[in-house]
Amino acid sequence: MCGIVGYIGSREALTVVLEGLHKLEYRGYDSAGIASIEKGELFVYKEVGKVAQLEKGVERKGWKSHLAIGHTRWATHGIPSEKNAHPHLDDKKRCAVVHNGIIENYDAIRRLLEKRGVVFQTDTDSETIAQLIGFLYKGNFLRAVQRALPLMQGAFAIAVVHHEQPGEIICAAQGSPLAIGMGQEEMFLASDAAAFLRYTRRAIYLRDSEVAQITQHGVEVFAADLTPIEKESEDLTHAIEEVTKGDFQHFMLKEIHEQPQSIQNALLARFSKEYGTATLDNLNFSDQELQQVERIVILACGTSYHAGLIAGQMIEEYARIPVQVEISSEYRYKNPIVRDHTLAIAISQSGETADTLAAMRELHEKGAKIMGLCNVQGSTMAREVDSSIFLRAGPEIGVAATKSFTSQLVVLSLLALKFARMRQMSAQEGIHFIEALEKLPQQVQQVIQVKNPIAMLAKKYAAAEHFFFLGRRYMFATALEGALKLKEIAYVNANGYAAGEMKHGPIALIHETSVTVAFCCDSFTYPKMMSNLMEIKARAGRILAIAPEGAPDIEGIADDVIWVPPTLDALSPVASSVAAQLLSYSIAFERGTEIDQPRNLAKSVTVE
Ligand code: M6R
């Protein structure tokens with residue numbers, strides 16, 4: 001799970017590639033590396049850590065070149081180390097490879113090559129690609145790559161250079177995205193076109209099994225048997241978005257603060273108050289098709305999955321359509337049953353999450369229509385689904401999803417409203433729902449205004465090592481999301497549970513040092529939640545509640561309360577989540593962790 005970039009042309013290739021790598025750092029930041037060829041000699045430089053480290057090292061070297069490939073890594077096979085960083089070389093050091101994906105049969109290939117005397121240097125699956133190509137190379141570079149490809153199983157996007165072919169880069173893709181940017185007498189390649197958008201907007205995307213031979217003058221694409229393929233180039237229209245932290249110490253904090261605006265953007269021109277319904281733009285489904293939907297399958301991972309759980313609850317409650325919410329990485333291996341009139345909704349901030357893409361492709365092949373909810377225009381999801389709805393949250397740089405989550409909730413609420421109004425919800429109820437949606441930006445702003453008291457609470461609780469996040473109904477998935485946030489940025493053991501499940505086992509872990517963050521904004525289950533909290537209190541557990549202003553009893557039960565503005569149960573995850581984001585952020589801050597780029601993670605998970 002990594003980002004690859006390549007350039008060939010008259011600019012300073014190392015600079016262009018380094019720039020591109022910075023743009024792709026969301027795909028991993030364990031190590032970075034670069035290879036180039038100058039005067040027939042192959043140069044490779046790698047650093048553990050971020051692209052900025054690599055940049056400093058490359059500057060010191062003072063190399064100049066018109067061709068380069070680069071890589072930013074999220075470690076899958078082998079620890080993050082200089083040795084395991086890409087580019088990888090064949091053992092004669094003639095060719096260099098950068099790879100995004102996983103070669104599943106790497107061990108078999110490695111053993112086969114070792115038997116033939118090839119000496120491996122790293123612990124990675126990716127080195128087998130370089131070694132295989134090196135082994136198969138008999139003077140024809142393109143042919144060597146083409147012969148290697150069918151031997152490799154798994155997902156990959158690769159770029160390869162060979163010191164005997166200093167004027168070309170060969171690349172190929174199988175299940176991982178690869179865009180080739182076409183400039184004037186210069187060519188680019190990258191896992192994500194964002195890496196080269198400032199230079200060119202004309203691009204082609206490689207499909208599975210295609211191989212491309214790129215020179216300064218253009219690109220030739222071939223099928224697996226090297227038959228030439230004519231490919232139409234696309235004009236990429238999405239905006240280049242440059243973002244800075246502004247006055248904030250972290251992107252995450254800035255993105256939390258952006259939520260009143262991002263929620264406003266998600267709502268903009270997407271409802272008709274007069275008719276009490278949603279008017280989602282550019283939906284490629286007719287009202288008749290939506291009316292015929294009999295079952296919905298929601299696919300997502302991580303935070304997006306939590307948004308999916310909340311949406312599932314909402315669509316069932318308001319539209320009475322059965323919804324199955326699935327973790328993509330599980331669903332893709334279930335051999336799903338798809339009946340007529342099934343709609344799949346894939347949710348992904350990045351639109352690049354490998355498991356979600358694979359699950360949605362599986363459903364697509366079985367005849368389901370796919371609606372994609374994502375934040376990134378031009379992403380693989382946006383290009384592949386039958387219809388996209390964009391979150392309009394703007395670039396989210398912090399690894400922890402914040403504003404994209406609340407935007408997902410808002411857009412999914414609109415979708416639930418649309419389905420509900422096509423079925424049983426009255427116009428009056430629709431208007432009431434819209435009025436509650438309209439209040440969200442202001443309510444989120446109110447929560448942000450109590451960030452200082454939340455930071456004080458964080459000081460009180462930051463040393464705890466065991467947290468429970470509990471909720472019921474709409475607050476259950478909200479609790480899961482709160483726990484995920486604390487885990488990923490503060491490195492604290494935080495377990496999200498349905499509050500009613502505690503007595504079935506987990507309550508054994510409650511004692512005077514454990515902290516329970518209690519999400520109390522679901523009015524329907526509020527009395528039950530209070531009983532569950534009494535059970536925790538009876539076992540001396542500490543309780544920090546997030547509750548709607550004016551809620552009864554909670555002050556007598558919890559040690560501390562963060563008050564949030566009341567709203568409909570279905571919309572209450574929004575303000576509660578913002579409070580939980582601020583709490584996690586402040587705890588992480590107290591604990592001194594690396595908030596925007598936490599250890600072991602990447603913003604976009606492009607491998608299984
Ligand atoms: O881009 P996606 O929404 O598909 O990403 C899914 C997860 O990787 C992501 O939500 C992850 O869980 C977040 N880092 C959590 O904050």
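**View 1. Gln213 and its partner across two strands.** Gln213 has Glu220, a residue of strand 13, as its bridge partner. Strand 12 (residues 211-215) and strand 13 (residues 218-222) run antiparallel and are joined by 5 bridges. Strands here are DSSP runs of type E with at least two residues, helices are runs of type H or I with at least four, and both are numbered from the N terminus. Two strands pair if DSSP finds at least two bridges between them. What you are looking at is a predicted model, in which local features need pLDDT of at least 70 and side-chain atom pairs count only at pLDDT 80 or more, while totals for chains, interfaces and linings use all residues. Residues are numbered from 1 along each chain as its sequence is written, and side-chain values use heavy atoms, leaving out hydrogens and water.

View 2. Follow the strands in the order 5-6-7-8-12-13-14 and you have walked across the open sheet, with its antiparallel pairing. At its edges are strand 5 (88-89) and strand 14 (228-229), each of which pairs on one side only.

View 3. Is strand 4 (residues 67-73) largely enclosed or open? All 7 of its 7 residues are buried, so strand 4 is largely enclosed by the rest of the structure. Buried means under 20% relative accessible area, exposed means over 50%, and partly exposed lies in between (1.4 Å probe, protein chains only). Both faces are covered: Leu67, Ile69, His71 and Arg73 are buried on one side, and Ala68, Gly70 and Thr72 on the other. Strand 1 (residues 2-8) pairs with strand 4 in the antiparallel sense over 7 bridges, and here Gly3 stands opposite Thr72. Strand 2 (residues 31-38) also pairs with strand 4 in the antiparallel sense, over 6 bridges, and Ser36 has Ala68 as its bridge partner.

View 4. Side chains of opposite charge can pair when their charged atoms come close. A salt bridge is counted when a side-chain nitrogen of Lys or Arg lies within 4 Å of a carboxyl oxygen of Asp or Glu. How many salt bridges does a search of the whole structure find? The search finds 26. In one of them, Glu258 meets Lys403, with the closest N and O atoms 2.7 Å apart. This pair links distant parts of the chain, 145 residues apart: Glu258 is in the loop between helix 6 (251-257) and helix 7 (259-267), and Lys403 is in helix 13 (residues 403-422). Glu258 is partly exposed, at 24% relative accessible area, whereas Lys403 is buried, at 2%.

**View 5. Two helices tied by Glu590 and Lys459.** The closest N and O atoms of the salt bridge between Glu590 and Lys459 are 3.1 Å apart. Glu590 belongs to helix 19 (residues 572-591) and Lys459 to helix 15 (residues 451-461), so the pair ties together parts that are 131 residues apart in sequence. Glu590 is partly exposed, with a relative accessible area of 36%.

View 6. Asp522 and Arg473 form a salt bridge, their closest N and O atoms lying 3.1 Å apart. The two are 49 residues apart and link distant parts of the chain: Asp522 sits in the loop between strand 25 (515-519) and helix 17 (526-537), and Arg473 in the loop between strand 23 (466-471) and helix 16 (474-490). Is Asp522 buried or exposed? Asp522 counts as buried because its relative accessibility is 2%, while Arg473, at 24%, counts as partly exposed. Salt bridges that share partners join Glu317, Arg473, Asp522 and Asp569 into one network.

View 7. Thr237 lies in the loop between strand 15 (234-235) and helix 6. Thr237 is exposed, with a relative accessible area of 70%. Its C-alpha atom is separated by 30 Å from that of Leu417, 180 residues apart along the chain. Ala483, by contrast, is in helix 16 and is buried, with a relative accessible area of 0%. From C-alpha to C-alpha, Ala483 and Leu470 are 9.0 Å apart in space, and they are 13 residues apart in sequence.
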